Amino acid sequence: MSENPPKSQTAGMIRPDSDPGVAYTENAARYYGSGAAEVRALDGVDVSFGSGEFTAIMGPSGSGKSTLMHCMAGLDTLTSGNVFIDGEDLTAMSDRERTLLRRDKLGFVFQAFNLVPTLNARENIVLPQRLAGRGHDEAWLDEVVATVGLGDRLDHRPNELSGGQQQRVAVSRALVSKPKLVFADEPTGNLDSTTSDEILAFMRRAVDDLAQTIVMVTHDPSAAAYAHRVIFLVDGKIVNEMLDPTSDAVLDHMKTLGN
Amino acid sequence: MLTIALRGIANNPFRYVATALAIVLGIAFFSATSVLTTSFEESLNDTIAEAFQDVDIAVRSANTIETPIIDIRERIPPSVADEVGEVDGVAWVFPFLAGYAQVVAADGKTVGGADANAQAVAWIDDNAVNPMTVVAGRAPSAPDEVVMDVNTFDEGGFSLGDSVQVLPLGPQQRFTVVGSIDDGGTFGGQVLSFSFAGAAMVFGGSEVDQVFVGAAAGTTPDQLVDRLNRELSADLEAVTGDTLTDEFQELVGQFTDIIEIALQVFAGVALFVGAFVIYNTFTITVAQRTREMALLRAIGATGRQVSVSVVVESAAIGVIASAVGAAAGIGVGWGLLQLLGSFIGDLDLSLVIPPGGLIQGVVLGTVITVAAAYIPARRGAKVDPIEAMREAAAEAGGPARGRLYSGLGVLAAGAAATIWSSVSGEERILYGALPLVVIAIVLLGPAIVRPLSRVLALPAVRRGSITGELARENASRNPKRSSTTSLTLMIGVALVVTATVFAATLSELIAGDLDEELLADQVVTISDAVAGAGGGLDPAIAAAIGDLDGVEAAVGTRTAFAQIDDDFASVTGADTAQLAAVADLGLVEGRVTDLGPDEVAVREPTADNEGLAVGDTVTVRFQQGAASLTVAGIYNRGYQLTGEWLVDNSLLDASLGRSLDTRILVRAEGADQSLIASIDAALASDPTAGISSRGDFIDDQAGQITDLLTLLYALLGMSVVVALIGIVNTMSLSIHERTRELGLLRAVGMTARQLRRTVRYESAIIALIGTVAGLVLGLFFGWAAFDALGLAYSDFAIPWAALLAICLAGLVAGLLSGVLPARRAGRLEVLDAIAAQ
């Protein structure tokens, strides 16, 4: 898939059609500090993520890509603007409402410390549903687990799993509750390239075959190449977008951003 | 490195709050003990010195009855005063006699309640010698005149000229209140004083305790003492006033030393528990700072420097916390002194701050802190510089195999010793088993944490609660940490359970004994305070009850201290002609009824010990009078009612002048309300008397032991509190350590409420582990204490309700200990937590 040239590089043009997407922001802004020390981590971002889409968010360090993800996931609150997930406005929600939304509608894959060390792989995967006091779809669990290739490791605790296996468990957890949206924050940042490729390929398959929606923050052009679309953030603003990216094209574009 | 150590405290003071608190509490307790006993002793010593300052010499009997507590001196005839007065160089002579008397107020009751202290002395007509002074009115001169301390005078609403009843005499005998006095704080409580003739009438005899003597000018007390000892009979001895003061002060010193040691044992337990808390805190913080220490090592600090920095840190905390504790101890000691003063009544107690005791406290607290932090500090020294580069930095978990096996080995040895001791009946082996079992539990602690938390979390997990499951896993993820934390609680709980079990067993034994021995249907009793002051009921009361229609027998019993064949004995007197109607003494041989004034009956164990048989003779010496007695009978019950030695009241009356009943056992089968009312009426002449049914009396006697438990619980409470602080501390540190994990849980959908519940559950599980371990250990200890008594195993009582209450208390305490850490965890900012190092 590295041969495809970028189809569009129009800055600020995110989703031209009328579909607002599974998740979107309206003029999202997040400032830290005040006065002279004020940092504008997000400075008026309008972005939308459509159903069944795999989007990568890229940008140099401090560009606001993690802040955007955290705010959209209800882990951080906006200074101004709005975030909508599945039609609901996060900015109006209490901490508890946001927690329940995360539990019921979102999935997460972090770079590290993804798993609860006292629970085994299976328990980690079904943790959000257990927290909700709900059962899980056993057939679907089996399918997800089989697809990521975890079959015989389900009874192991995280410290008995390799880094790659731990990330597979994290991805399984994110998918098994069939969330509206999965947020992945540098999911392969700590992995070697072979393992990275396996995990990313699986994530892409989850989008293509299972109609999952994934938003991934990364600084790795070859990871971004697995996405349908790459959004580039600089200084808290979206500066560009690239559809069907290749790692070379992403790398080239990153250079122009003056990283 | 020193700077780093002190910055470490300054930058993260919260981490050390619990450590400091554990030391502050323990040292405050320790110092308060010292402040209390020193103040008490010095105040009393001042009073004693003042009381005897004008007494040059005291002449008293050379014979004493050695009780386990103090030596009681025999009384001497008042004629000794005349003899002494004729000796050269004697300026003045005053006979001194003291005893029990109590005034009855206008409302027919005693002043200050049934438990008030009451004493009386003969007035000494010399202002210089008498420590007491008249406040209002005048000193007593006629036999029917009485003066009393101002507090009693005011509290009882008396006026000069009042005609009053004085116990133990009946209401017909009237006394006139002629004055109120300041007793100089010599006795505490109610103090009455009569003229010498009046006192002789109230006490039922004029035998005196001692004779106070003044030396004439030109004769030193020492010279006069020598002269008196030469000239007086060998039964008498003369000592200087200084010797008298020294003797009293020594007695007070012995008493306060015992109290101080007893209290310090409890303070020591609290400090021991505190040491565990400190050890745990430093173990956890050293583990959490592995990276920081590794960085120091990487940039060139030696292992020694790293461990010294931890030791310096602990020393700084130890010194500050101990100083605060010692200061707090002064306040607590002052409070306890006030409390003690209010119990004793009217004692001049002033606060004395013992610098030695406080310095001891500061040194002790510092040493304990440093010692407890030493092992963790050594561990800090072993940190490898490479650890600085590693990601995870938490204490390694998992019970060590060697520890498990050695624990099992020690446990097996302890069990074997226990069985051996119970088979062989050799108690000393059991004492060896006790420390083995404690060591085994400490060694096995980490190994039992997981299975025990599994069981304890079962109720929550059964409900399908994920929070319960997470709490269980968290409690057992670091078994060493959890076990050290819970073992601190175990110590307090074990001691509480030991006391509870032992008391329950004794209580049941007493109830069982009484149920067998007591045939009376009603029992008349007096308060312990009155009995302790040598008081009691006029024998006329028992006689009056015995004369009532429907009463088969009313038998007064009384107690006297005596020396039998040179050993101390507590002798019970009773009307033995009627005793069989109210008590079943379980006759073994001979006869225990109708004892003559020259006969005695002995309980079988004592008879066996002394090798006595019916027909043998023993010599008995009371505080007044001696006799040769023939053993008339041997009995095997009666432990509660008559004790080891039983004589007839006629012997005591003959020897002691007047002896008073401390109990009246009444046989009146099917007594109705009107008979009870008649008995009550017969008791109206003495408001200190109360009547209870057989069942109530037995419950009351059996319950007295359990009353002592309350005091013990209060003293052990401090170590339990320190242990709970330890749980709060461990939980807080664990939560800090798991920040990222908690952030993850919150990110994937755990609500703050669920998180708080998880933390509280975990805290409850740890507390319950300690409680359950303490329960098991306490039962074992209680059994060992019981075994030492050499009683039948069937008598071992397990107070199930109390044990269940202790478990519930452990659960509640655990949940409460979790509240603060839970709140802290619940307030965690998810984003910060995920990003945390």
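A polar contact is a pair of N or O atoms within 3.5 Å; within protein, one atom must be able to donate a hydrogen and the other to accept it, and residues adjacent in sequence count only if both atoms are side-chain atoms. The structure is a predicted model, in which local features need pLDDT of at least 70 and side-chain atom pairs count only at pLDDT 80 or more, whereas totals for chains, interfaces and linings use all residues. Residues are numbered from 1 along each chain as its sequence is written, chains are lettered from A in the order in which they are written, and side-chain values use heavy atoms, without hydrogens and water.

**View 1. Domains of chain B.** Chain B is assigned domain 1 (1-57 + 239-395), domain 2 (58-238), domain 3 (446-517 + 696-837) and domain 4 (537-685), with bounds from an automatic or database domain assignment. A distance of 46 Å separates the C-alpha centres of domain 1 and domain 2 of chain B.

**View 2. Interface of domain 1 and domain 2 of chain B.** Contact (heavy atoms within 4.5 Å) joins 16 residues of domain 1 of chain B to 30 residues of domain 2 of chain B. The two domains bury about 1,800 Å², with 57% from carbon and sulfur atoms; buried area is the accessible area (1.4 Å probe) that two parts lose on being put together, summed over both.

**View 3. Polar pairs between domain 1 and domain 2 of chain B.** These domains share 5 residue pairs in polar contact, both residues at pLDDT 80 or more. The count of salt bridges (a side-chain nitrogen of Lys or Arg within 4 Å of a carboxyl oxygen of Asp or Glu) is 1. B:E247 pairs with B:R60 in a salt bridge whose closest N and O atoms are 2.7 Å apart.

**View 4. Interface of chain B and chain A.** Here 24 residues of chain B meet 25 residues of chain A. About 2,300 Å² is buried between the chains, 64% of it on carbon and sulfur atoms. On the chain B side, B:L744, B:V748 and B:L831 lose the most area to chain A, together 26% of what that side buries.

View 5. The chains are linked by 3 salt bridges. A salt bridge joins B:E473 to A:R157, with the closest N and O atoms 2.8 Å apart.
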